[in-house]
Amino acid sequence: MTDTDRMLVWLREAMDAAQRDAEAATPGPWEPKGEDPGDDEVYTVHDGEHGDLVGDVVAYVRGGAGRTLANQYLMANHADPVAVLRRIAADRKFLDDLLAEKHHVCDDNWYTCFAATQERDGGTYADTDGDTRCNCGRDTRVARRVGLIAEGWGWTEDHGA
Ligand SMILES: [Zn+2]
């Protein structure tokens, strides 16, 4: 399994988990409560034990350290399950689009990428003596772009170890 494959597995698991959370939550639009919550109203968005998150956005940190209107607006505007699901769907499409990029193939197979397969990439095969490493740059580009998406989802080098 390549580093990119490990990253893709992790990324898809992260997306699946976020999608489950968003589908289980109350769809928006959410709005900030707009007032400083009292000490008895400290919830977190993913806290199922309180359950009644309908309408009121609870966007402050348990314990009160982050109970600010700015946090409420951030949660209302960016954690609404509808918005989360929309971003996940877009990221999945983006990933599919990245992964669909083909290796370079050429009528003169001397210039065809070693990693090209007729099934995926069409064209003619390179004579590689069994070397299947990409030499057209496609795998490097895909790895870099998948890494950028994964970074946005919280991927660190520790996840790949
Ligand atoms: Zn290639």
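Modeller: Let's start with a term: four donors count as tetrahedral if all angles lie between 85 and 135 degrees. Donors are N, O and S atoms within 2.8 Å of the metal (3.2 Å for Na, K and Ca), and water is not among the atoms, so sites may look incomplete. This is a predicted model, in which local features need pLDDT of at least 70 and side-chain atom pairs count only at pLDDT 80 or more, while totals for chains, interfaces and linings use all residues. Residues are numbered from 1 along each chain as its sequence is written, and side-chain values use heavy atoms, without hydrogens or water.

Biologist: Which residues are the protein donors of the zinc ion here?

Modeller: They are His-103 (ND1), Cys-113 (SG), Cys-134 (SG) and Cys-136 (SG), lying 2.1 to 2.3 Å from the zinc ion. Ideal angles for four tetrahedral donors are 109.5 degrees. The zinc site here has angles of 105 to 115° among its four donor atoms, and is tetrahedral.

Biologist: What spacing do the zinc donors follow along the chain?

Modeller: The spacing is H-x9-C-x20-C-x1-C. His-103 sits in the loop between helix 3 (81-99) and helix 4 (118-121), and Cys-136 in the loop between helix 4 and helix 5 (138-152), so the pair ties together parts that are 33 residues apart in sequence. Helices (H or I, at least four residues) and strands (E, at least two) are DSSP runs, numbered from the N terminus.

Biologist: Is His-103 buried or exposed?

Modeller: Buried means under 20% relative accessible area, exposed over 50%, and partly exposed in between (1.4 Å probe, protein chains only). His-103 is buried, at 4%, whereas Cys-136 is partly exposed, at 23%. Across the 161 residues of the protein chain, 30% are buried.

Biologist: How many helices and strands does the protein chain have?

Modeller: There are six helices and two strands, in the order α-β-β-α-α-α-α-α along the sequence.

Biologist: And what lines the second largest pocket?

Modeller: A pocket, on a 1 Å grid over the protein atoms alone, is an open set of points where a 1.4 Å probe fits, with protein on both sides within 12 Å along at least five of seven lines; lining residues have an atom within 4 Å of a point. The lining here includes Thr-2, Leu-8, Leu-99, Arg-138 and Val-142. Helix 1 (3-24) and helix 5 each give two or more residues, and helix 5 has the largest share, with four.

Biologist: Where is Leu-99 placed?

Modeller: Leu-99 belongs to helix 3 and is partly exposed, at 23% relative accessibility. Beyond its neighbours within four places in sequence, Leu-99 is in contact (heavy atoms within 4.5 Å) with Leu-8, Arg-12, Arg-138 and Val-142.

Technical notes:
Four donors count as tetrahedral if all angles lie between 85 and 135 degrees; four count as square planar and six as octahedral if opposite donors are over 155 degrees apart and all others between 65 and 115; anything else is irregular.
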